[in-house]
Amino acid sequence: MKKRDMILTIIGIIALFGLAFFVQEEMDSYIRRIVNLCLVYAIIGLSMNLTNGFVGQFSLGQAGFMAIGAYTVGIFTVPVEYRENIFYAMPMNPAIADIELPLWAALILGGALAALFAFAIGTPVLRLRGDYLAVTTLGFSEIIRIWITNAQSITNGALGIKDIPPLNDVRYIFLVTVICFVFITLLVNSSYGRAFKAIREDEIAAEAMGINLFWHKNLAFMVSAFFAGIGGGLYGALLGTVDPKNFLFTLTYNFLLIIVLGGMGSITGSMLGAVIVTAGLEYLRFFDEPLMLFGMDIPLFRPGFRMVIFSVLLMVCVLFWRHGIMGTREFTWQKAIDFVKNPLGFIKRKGAAQ
Amino acid sequence: MILKTKDITMQFGGVTAVFKLNIDINDGEIVALIGPNGAGKTTAFNMVTGVYTPTEGKVFYTDAKGEQIDITGKLPSDIAKLGIARTFQNIRLFKDLTVYENVLIANHLHLKSDFLSATLHLPWYMNEAKQMHRNTEKLLQEVGLWEVRNEKASSLPYGQQRRLEIVRALATKPRLLLLDEPAAGMNPKETEELTEFIRQIHREYNLTIFMIEHHMDLVMEISDRIYVLEFGMTIAEGTPDEIQNNQRVIDAYLGVDEDA
């Protein structure tokens with residue numbers, strides 16, 4: 001059974017890889033961009049799901065960790081010869097002015113820096129619980145952004161960094177996504193992952209069972225920040241430019257939406273949520289266009305209206321469908337096979353179980 | 001002597017929940033802590049297991065090698081690693097996880113692999129993981145929870161949930177087991193089964209048991225010694241027979257006739 005699932009998973013990944021090649025070669029740049037964004041959002045959504053869904057710690061710092069990753073990529077991958085033009089207001093700090101890294105190295109460095117920062121703030125912050133933790137992590141994410149705005153000789157301040165060698169290769173991003181997903185899946189299924197779930201279920205009992213709360217929470221927080229840093233790095237490379245305003249705390253809510261919709265504590269749910277939210281935000285764009293119906297200007301159709309629709313969707317989801325699409329369940333091959341064999345029976349049984 | 005508390009006192013602001021409590025527990029004993037509601041029994045447990053740090057006094061634990069360790073103010077997780085496991089008055093299972101997972105998680109504290117080798121499923125972690133699964137399977141079979149291993153913990157009947165909580169504590173391989181009102185809310189038949197179960201694990205797992213309980217039949221039947229607490233102070237200590245005939249204990253439970 002286990003072997004079969006393993007083989008099917010590998011075949012699935014290869015098939016998706018083939019799809020990535022197809023998208024890269026055959027699709028126009030608009031589709032490519034949406035697919036890339038879906039993948040990047042999936043990485044960051046998953047990283048957020050690790051702390052929020054698996055360890056049950058309500059943390060809202062993802063935008064800050066992304067900013068660290070994105071800026072690391074921005075600073076270290078911009079070709080040295082462009083730097084003088086970009087840093088025209090204040091020259092780049094000479095200590096880093098001549099360092100240029102390949103993208104993969106910058107991504108890992110960005111992830112590592114984000115993890116380091118998470119460790120530093122995790123020590124005091126993770127003693128808090130619930131709303132207090134959310135507020136503090138949100139605050140730290142803003143602190144990162146404001147620090148970036150002011151550290152002009154390193155980050156070019158409010159001007160942002162442009163001319164980052166653009167990355168529009170679906171295959172590259174897909175590969176990173178697969179690595180992230182495999183890593184976190186393995187982590188969650190290891191003994192440490194079970195300890196995380198125990199903390200989510202009952203902190204006091206988990207501690208009485210010998211699970212060191214502080215160390216395990218910090219570990220999850222660091223891994224989460226690491227992948228948010230990598231996701232942020234890809235995000236920066238995808239846009240080709242980074243700007244402090246990209247990383248406002250409102251960005252975090254996109255990922256919150258993804259994991260709430262996909263299911264807190266579900267890896268496949270994060271992927272699903274990311275695709276729905278990203279593609280949804282793109283395809284709902286017609287709400288932002290002025291709409292003429294029978295010669296009348298429909299008043300609500302203005303730029304920004306799709307965000308209203310999305311907020312309503314989120315509220316409906318939280319009110320009536322609190323566990324999201326997947327809940328804490330995962331996609332398994334067994335369920336898929338049962339479904340293909342007998343779709344009606346599968347749905348019936350699922351209904352009976354609930 | 002496996003556990004010794006020396007004059008432990010717990011104050012919450014102006015309230016003294018426990019005052020100068022001295023408890024000695026010998027290896028292999030079953031010791032009960034009884035007393036009216038609010039006497040400070042659970043507070044005493046919380047001080048032993050590290051949930052609270054005593055305002056005054058020390059807690060000593062003797063490990064398997066015979067070394068006496070001062071565990072006052074250590075983290076609950078470190079105390080669990082030393083071999084003291086506990087259950088809770090209000091059941092605290094990992095509700096949404098299965099019975100099997102509940103017990104498996106309790107093996108985590110003895111894991112030696114670091115998180116990277118665990119994540120990458122490296123061979124030495126896989127060996128440890130296999131051992132954890134074997135331990136869990138063995139334990140569940142021995143205590144008769146094997147049939148329900150795939151049920152969610154919260155879907156078990158009440159009596160079984162209590163039992164699972166004890167089993168989960170057993171999975172941490174304790175030498176000293178603290179049971180906080182294991183028979184709370186049970187009917188006489190369930191209590192009888194539980195008594196038998198506590199006897200069984202005491203015998204088979206080489207345990208010392210320290211428990212808080214209100215069901216006097218259970219306490220009198222299985223305890224070697226009993227401590228009685230009232231308003232945070234020890235009012236009596238002795239064998240079940242001695243306690244049953246102790247005037248102060250009878251007064252504490254039944255009240256004193258003020259006209260007398």
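**A walk through chain B**

With 260 residues, chain B would have a radius of gyration near 18 Å if it were a compact globule, and its value of 19 Å agrees with that. Keep in mind that this is a predicted model. Along the principal axes, the C-alpha atoms of chain B fill a box of roughly 75 × 40 × 35 Å. The chain is built from 10 helices and 10 strands, and 52% of its 260 residues count as buried. If you take the contacts in chain B between residues at least 6 apart in sequence, 66% of them join residues at least 24 apart.

Helix 1 of chain B is mostly covered, with 7 of its 8 residues buried. Among them are B:Phe45, B:Met47 and B:Val48, but also B:Lys41, B:Thr43 and B:Asn46.

Is B:Thr49 buried or exposed? Its relative accessible area is 5%, so it counts as buried, the cut-off being under 20%. Not counting residues up to four places away in sequence, B:Thr49 touches B:Pro76, B:Ile79, B:Ile84, B:Arg86 and B:Leu178. Helix 1 of chain B is followed by B:Gly50, whose phi is positive, near 90°.

In soluble globular proteins, nonpolar side chains tend to be buried together. The largest core here has 157 residues, and those with the most contacts inside it are A:Ile161, A:Phe247, B:Leu177 and B:Ile209. Helix 12 (residues 213–239) of chain A gives the most to this core, with 13 residues. A second, separate core has 28 residues, including B:Ile8, B:Val59, B:Ile79 and B:Leu178.

B:Leu177 is worth a stop. Leaving aside neighbours within four places in sequence, B:Leu177 is in contact with B:Ala85, B:Ile166, B:Ala169, B:Leu170, B:Ile201, B:Leu207, B:Thr208, B:Ile209 and B:Phe210. B:Leu170 also turns up in the surroundings of B:Leu139, a residue of helix 5 (residues 123–142) of chain B. At 9% relative accessibility, B:Leu139 counts as buried. Beyond neighbours within four places, its contacts are B:Val103, B:Val167, B:Leu170, B:Ala171 and B:Tyr205. B:Leu139 and B:Ala171 are 32 residues apart along the chain, yet their C-alpha atoms are separated by 7.4 Å.

B:Lys173 has a positive phi of about 55° although it is not a glycine. B:Lys173 lies in the loop between helix 6 (158–170) and strand 7 (176–180) of chain B, and is exposed, with a relative accessible area of 51%. B:Asn206, also not a glycine, has a positive phi of about 60°. You'll find B:Asn206 in the loop between helix 7 (188–204) and strand 8 (208–212) of chain B, where it counts as exposed at 69% relative accessibility.

The tour ends at a hairpin. Strand 9 (residues 225–230) and strand 10 (residues 233–238) of chain B pair in the antiparallel sense over 5 bridges, and B:Val228 has B:Ala236 in strand 10 of chain B as its bridge partner. This hairpin has 2 residues between the strands, and B:Phe231 takes a positive phi near 45°.

Terms used:
Residues are numbered from 1 along each chain as its sequence is written. Chains are lettered from A and ligands numbered from 1 in the order in which they are written. This is a predicted model: local features need pLDDT of at least 70, side-chain atom pairs count only at pLDDT 80 or more; totals for chains, interfaces and linings use all residues. Side-chain values use heavy atoms; hydrogens and water are left out. Helices (H or I, at least four residues) and strands (E, at least two) are DSSP runs, numbered from the N terminus. Buried means under 20% relative accessible area, exposed over 50%, partly exposed in between (1.4 Å probe, protein chains only). A nonpolar core is a set of buried Ala, Val, Leu, Ile, Met, Phe, Trp, Tyr and Cys residues joined through side-chain atoms within 4.5 Å. Contact means heavy atoms within 4.5 Å. The radius of gyration is taken over C-alpha atoms; the globule rule is 2.2 Å times the number of residues to the power 0.38. Two strands pair if DSSP finds at least two bridges between them.
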